[in-house]
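I opened the notebook to look up a few contacts and strand pairings.

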Amino acid sequence: MPQMGSRARWRQSWAPQPLTPLMEGPGPEMQEEGTKKESSWEVIREWFRTQKISPGGSFSQSFYGTIHAKTQDLRLLLGVLGCPLAPIPSAHDPTVSIHIKDTPFETSTAKYIIQQYLAATGCLKQQKDTKNMYATGMVKMICCETEISSGKNVKCLGTRSSENGCFVLWQMLPGMWSLELVVGDHKVVAGSNGKTVWRHTPWLGTHAAKGPQRPLRRIIQGLDPKTTASLFTNAQCLGENRIGTVDCFVLKVSADRAAVVERSEGPAEVIRHILYGYFCQKSGLLIYLEDSHLTRVPTQDNDTVFWETTIGSSIGDYRDVDGVLIAHQGRSIATVFRFGELSMQHSRTRMEEIWTIDDVMFNVPGLSMDHFIPPADIFNNINSP
């Protein structure tokens, strides 16, 4: 159990950093550690410039050919797979009764599937309420190759380098969580106090997320069935599909337009964010989770660049923890696709994370709201007039 530090000591552990929005996409800092950019999207532009194609059709030297290649690969991995958020906020208690009258068939079917999921995981017969949760796990992150195309020429860059790491996750309902993730020689810290979501990386400093408060994606990958179910409260059932050899029901939920507009920052406009859940027809358990996030960013050349980040997670090895089935391993594959409206040039980067859960504990004694206080710079910003 962690040391229960005071509010003042928590603040002192963070040096003030300039605030920029939390970026959900690739974000390796291409400059020195001490140099900070005002906009996270400037980092993305710089990341692509290092891999651009010259006018004659030849490829310029990418960062994969430099001595910093491994570091940039790891930063890209952590920026995309380290602590992404779910597309939408958690809804009300998903265990409420289903009302069929005046409910579209696709919606009522989805509600029934979610009730079966809650029953399969043991949440419906759980004797006591879960107030908080603690989990530790191991990760292996793999940066695969980047494909760059100019329409006529295609080149694949990079090697399948990997790094091992670990994480510690705390959650307190409603809506508070804290994550520490260490991979290689890099550490990412993120959290939520129920109102503000933030993230800290050594190369970008501290960032606050814009828009509605949303749960950590790592939590809904089988660690907290009730939070997962709450995300699909208003989902639609798209029908059936197969994951490998397993027949599944497919549910879809999208962030509404007002929410994605609120998450936009400056010229970077979030277009959509969609979540798909694949629930096994035989067991009722969630075995695959996929979300797709699309952002439009104008360039200085009057072009429009789109960044589409897709993360698909296979979820398995469910084990009983205090009467609830918790997934203890999985694999996430992320694809970052960059394309423009006015040119044939595009890039696609694929990366991977393999994760296992070592320990899970519910209702940890002594865990309080003080453990989820944001860093001092965000805390002061929130309370400033």
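What follows is my notes on salt bridges, cysteines and paired strands in this predicted model.

**Entry 1: salt bridges.**
I began with charged side chains. Side chains of opposite charge can pair when their charged atoms come close. How many salt bridges does a search of the whole structure find? I noted 10 salt bridges.

**Entry 2: Arg217 and Asp291.**
I looked up Arg217 and found a salt bridge to Asp291, with the closest N and O atoms 2.5 Å apart. Arg217 lies in the loop between strand S8 (205–208) and helix H5 (225–231), while Asp291 belongs to strand S12 (residues 286–298), so this pair ties together parts that are 74 residues apart in sequence. Are Arg217 and Asp291 buried or exposed? I wrote down that both are buried.

**Entry 3: Arg272 and Glu308.**
Next I checked Arg272, which forms a salt bridge with Glu308; their closest N and O atoms are 2.8 Å apart. I found Arg272 in strand S11 (residues 269–280) and Glu308 in strand S13 (residues 304–321), so the pair links distant parts of the chain, 36 residues apart. Arg272 counts as partly exposed because its relative accessibility is 27%, and the range for that class lies between 20% and 50%.
I also noted a network: Arg257, Glu269 and Arg296 are joined by salt bridges that share partners.

**Entry 4: Lys187 and Glu180.**
I then looked at Lys187, whose side chain meets that of Glu180 in a salt bridge (3.4 Å, N to O). Lys187 is partly exposed, with a relative accessible area of 38%. For Glu180 I noted a relative accessible area of 38%, so Glu180 is partly exposed.

**Entry 5: cysteines.**
A disulfide is a covalent bond between the sulfur atoms of two cysteines. I searched the whole structure for disulfides and found zero. Why does Cys83 count as buried? Its relative accessibility is 4%, and buried means under 20%. Cys237 has 12% relative accessibility, so Cys237 counts as buried.

I finished with strand pairing. Strand S9 (residues 236–243) and strand S10 (residues 246–254) run antiparallel and are joined by seven bridges. I picked Gly239 and found its bridge partner in S10 to be Val250. The hairpin of S9 and S10 has two residues between the strands, and there Gly244 takes a positive phi near 65°.
Which sense of pairing do S10 and S11 show? I recorded the antiparallel sense, over seven bridges. For Leu251, the bridge partner in S11 is Gly277.

Technical notes. Residues numbered from 1 in each chain as written. Predicted model: local features only at pLDDT ≥ 70, side-chain atom pairs only at ≥ 80, totals over all residues. Heavy atoms only, no water. Salt bridge = Lys/Arg side-chain N within 4 Å of Asp/Glu carboxyl O. Buried < 20%, exposed > 50% of the residue type's maximum accessible area, 1.4 Å probe, protein only. Helix = DSSP H or I, 4+ residues; strand = E, 2+ residues; numbered from the N terminus. Disulfide = S-S within 2.5 Å. Pairing = 2+ DSSP bridges.
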